[in-house]
Amino acid sequence: MNNNRIKAGITVFPGSNCDFDVYYVLNDIFGLNTSYIWHKDKINDMRSYDFIVIPGGFSYGDYLRSGALAARGLIMESLKDYAANGGIILGICNGFQILLEAGLLAGAMLTNNSLRFECKDVYLNVLKDDTPFTCDIKKGSILRMPIAHHDGNYFAAHDIIQDFNKNDNIIFKYCDSAGEPTEDSNPNGSLLNIAGIIGENFNIMGLMPHPERSSEKLMGSEDGGYIFKSIIKYIKGK
Amino acid sequence: MSYEGEKMIKKAFVKVMLKEEVLDSQGKAVLSVLKSSGYNNVKDVRIGKYIELTIDLDILNKSAEGKTYTMEEEIEEISGKILSNPLIEEFNIEIKNKK
């Protein structure tokens, strides 16, 4: 299968602003057959997309709670069906917040404990390499990617974290350059330094850092590209 | 109950607060400013949202799913499903005749 046979969809809500960046990376860098999905549209044929990305931004201006209004949009009904059929969904930053608000991933986002919009490079420890999103990355690898968010302080009640530990749902943790999940390396106060989680069926992942902003050398890091390379590898191997 | 033409209108006021066990970073920041401003007797600050809904009772029963609601049930559902996130927040509803 050539890369251009892989069909990627990118959802677009009012206020999405990383949609063009994700499109550029998937279409221009990786050569995928990429298209946008407007938030008022429905996905009639689940085979239309090999995977779907919910990009970052400020959907609905972050009104009420980040991701809360987008999570109740029309397209989300289709995405829930898509997910239930095993479809692969990647939520980046605001996309992660939308997945949480829609109940497709467990937990919630609080305001960063710094109360600031945090915009900088962070290190991530990769805790799982047996998923569609990390199958081209070795477990224990340290990736460098930028974050840019105000509400990335991941929170979940004790029982959710217990389930995570049992089912291995924590996929990325903020860490220092040596891979240690220290307090200093946690940019927003996230519980257990959580930067990304994966759903129980391992087909939905959300992460706060921006892989699309670190997918080519020009941008200072290509580490984010490994997430897209993993998805491509997984789809080709299916 | 007040009338706008033939319509019966009520208002619902929904207060949304972070749960006690969830750290309220904004509240903590305001608390520290109050303390540094000399208000040492302030022991805690919590910040939430206050939302006003204006409800037309005449069309209350025509919900999207064809479900019959009382107004109280509808506001409860709106508050729990959309206005608050039950994982981190709790809400309180007050219903008044429209002024």
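Biologist: What makes strand 9 and strand 10 of chain A a pair, and in which sense do they run, parallel or antiparallel?

Modeller: This is a predicted model, and in it strand 9 (residues 170–175) and strand 10 (residues 194–198) of chain A are joined by three bridges in the antiparallel sense. Pairing asks for at least two bridges, so the two strands count as a pair. Within that pair, A:K173 stands opposite A:I194 of strand 10.

Biologist: Why are strand 2 and strand 7 of chain A called edge strands?

Modeller: The sheet is open and holds nine strands of chain A in the order 2-1-3-4-11-10-9-6-7, with mixed pairing. Strand 2 (33–38) and strand 7 (142–149) each pair on one side only, and that is what the word edge refers to. Neighbouring strands of the sheet are turned by 25 degrees against each other on average, direction ignored.

Biologist: How do you know that the length of helix 5 of chain A agrees with what a helix should span?

Modeller: Helix 5 (residues 225–237) has 13 residues, which at 1.5 Å a residue should span 18 Å, and because its end C-alpha atoms are 18 Å apart, the two values agree.

Biologist: Which residues of helix 5 of chain A are called buried, and what covers them?

Modeller: The word requires 20 or more other C-beta atoms within 10 Å of a residue's own, and in helix 5 of chain A it applies to A:G225, A:Y226, A:I227, A:F228, A:I231 and A:I232. Their cover includes helix 1, strand 3, strand 4 and strand 7 of chain A.

Key:
Residues numbered from 1 in each chain as written. Chains lettered and ligands numbered in written order. Predicted model: local features only at pLDDT ≥ 70, side-chain atom pairs only at ≥ 80, totals over all residues. Helix = DSSP H or I, 4+ residues; strand = E, 2+ residues; numbered from the N terminus. Axes fitted to C-alpha atoms, helices over the stretch in contact; angles between N-to-C directions. Expected span 1.5 Å × (residues − 1). Buried ≥ 20, exposed ≤ 12 C-beta atoms within 10 Å, placed from the backbone. Contact = placed C-beta atoms within 7 Å.
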